[in-house]
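Please look over the structure below.

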Amino acid sequence: MPATYGLIDGNSFYCSAERAFDPALRHVPVVVLSNNDGCAIARTPEAKALGIKMGDPWHLVRGRAELRPVRWMSSNYTLYGDMSRRVYQVLAERVPRVEPYSIDEMFLDLDVPRDLALFCAELRQEVLHIAKVPTCVGWGPTKTIAKLANGLAKDFSELGGLCDLTDPAERAAWYQRLPVGEVWGIGGRTQEKLARLGIESIADFVEADPRIMRDLLTVVGGRVQMELRGTSCLPLQMMVATRKGLACTRAFGRPVTQWSEMREAVAAYAHRAAEKLRAEDLEACHLAVFIHTDPHAPGERYEHLQHAARIEPTSDSRDLIAEAVRMAEGLWQDGRRWVKAGVVLNDLQPAGRQARLFATREPRASAKTMAVMDAINRQHGAGTLRPAAIGIAQNWGTRRTMLSPRYTTRIGEIMRVRAF
Amino acid sequence: MAQDGYTGAETTGFVSPASDHLEGPIDLSEVLDLRRPNRYPVRVLGEALIDRGILPGDVLIADAAADPRPGAVAIVMLHGEVLVAQLAHKRGQWWLRPGRRDQPAVPVSEDMTLWAVVAALVRERV
């Protein structure tokens, strides 16, 4: 177990990824919007200073005069994913181990024979230079402390993007100042429970009787307390745990009222889920489909319908499309405005594990067809070859009107540079 | 594996003597090191660097980890624009040397970002 854990995370990661390739975004407020250009999900400090909050709906705030300088961007997950990959690679070559915790946060094993303040400062520089994303780094004897340190590095600009909580005395001073809700894993509900016992600051929580904490917050809360005291309970997770389930759910670009469109959407989601399944060499034994209307639409009854069933183990797009479309057809009602659908696969197992006594499909032929389709799509771009059921125009698809180029993954969209 | 499944080994009549020696097609990602986090392909606009052998439409492989050196071609961001320019080092500082003789060199300043150094060039059509 490492003596020191670090957490590095990208500052306004999505916005920073956009800025990396577009110098016109450098000095203006930038906001990245959720799928369908719905609401703000990433903001640069300039955008925060203008009062834009996480979750602000774009169509409601876009007209405000003071927000005129803001550059609104659709989310370009292809780009963000590739930039996250670059950050990971830079880190993995410099520290013993890296755990990618989310697209923009990575835990680090910081057992390096170096002065950590200097080392982490260099790490930030190299990530910025090579992966083009500004970051903050926090570190300490446990993951929970590293996460807290990272939050401080982000919130207190005088720390210069770095925060070291290795020293118990320094930690104790911060613990006095900070509410317990700042701790990773302590949510609003837990915070309320603790407040009833008079526990407000992190220091109060750390000093509380561990048995009482375990009774109140279960073993999970007990672990958080241990970690804050400096005893590591959460190791770095190197392997992504085998998935229990996998889903493809998405809101439509506009309400869907035609069965033909819903059928295409469900087929497309089933196909995408099947692709994910095959990428991990898994098969699904259980399938669920849901569709629902807008819960906030005035004067419309909210309808959320789903159907789930066991299926013969498969990862074949054609099987999953057929089953999912059949389920969706059973749920479909005319005259309603459906805003979202989803396909959820469960009971996943390694592909081809069981010989099937009553198999109705020929698994080897199926595997071969799918492998060819996946290979073509890898080589020529996603969606080059696809089942006809998912449609061509996809009018129900995601609305992304301010989408930047996929600068790093499509040869036709790479950054343009003017010869000087 | 080739898309139709034949790699040079799956013969039906005579066993292919090549089957133990197959290597697959040349992978240009490998040659150009495109899997490295520091490598970014970019596309050239404009004719200013023709004398340097860089044509409009060329794909340059920019390397964000490479150190600048005099004579190198670099990608820089300046005043909201992305430029590809030759670097020079004179009188203790870096300059962008224009490809066209009738233009003055520009000193590399604080408000300029040296984004990457060009490491390779790909011309899709000759």
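Is B:D102 buried or exposed? B:D102 counts as exposed, because its relative accessibility is 58% and the cut-off for exposed is over 50%.

## Model confidence

This is a predicted model. The predictor gives the complex an ipTM of 0.92 and a pTM of 0.77. Chain B has a mean pLDDT of 91. In that chain, 97% of residues reach 70 or more.

## Salt bridges

B:D102 pairs with B:R100 in a salt bridge, at 3.2 Å from N to O. B:R100 is partly exposed, with a relative accessible area of 46%. Shared partners link A:E93, A:R94, A:E126 and B:R36 into one salt-bridge network. Over all chains, the structure holds 29 salt bridges.

Two pairs in chain A follow. A:E261 and A:R254 meet at 2.7 Å, N to O. A:E261 is buried at 14% relative accessible area, while A:R254 is partly exposed at 34%. A:R211 bridges to A:D209, with the closest N and O atoms 3.3 Å apart. Here A:R211 is exposed at 57%, and A:D209 is partly exposed at 28%.

## The cavity

The count comes to one cavity of 30 Å³ or more. The largest cavity has a volume of about 50 Å³. Its lining includes A:I8, A:D9, A:G10, A:F13 and A:M106.

β1 (5–10) and β6 (105–109) of chain A each supply at least two lining residues. β1(A) gives the most, with three. By type, the lining divides into five nonpolar, two polar and three charged residues.

Conventions
Residues numbered from 1 in each chain as written. Chains lettered and ligands numbered in written order. Predicted model: local features only at pLDDT ≥ 70, side-chain atom pairs only at ≥ 80, totals over all residues. Heavy atoms only, no water. pLDDT = per-residue confidence, 0-100. 1 Å grid on protein atoms, 1.4 Å probe; cavity = no way out; pocket = protein on both sides within 12 Å on 5 of 7 lines; lining within 4 Å. Points joined across faces, edges and corners; volume = space filled by probe spheres on them. Helix = DSSP H or I, 4+ residues; strand = E, 2+ residues; numbered from the N terminus. Nonpolar A, V, L, I, M, F, W, Y, C, P; charged D, E, K, R; others polar. Salt bridge = Lys/Arg side-chain N within 4 Å of Asp/Glu carboxyl O. Buried < 20%, exposed > 50% of the residue type's maximum accessible area, 1.4 Å probe, protein only.
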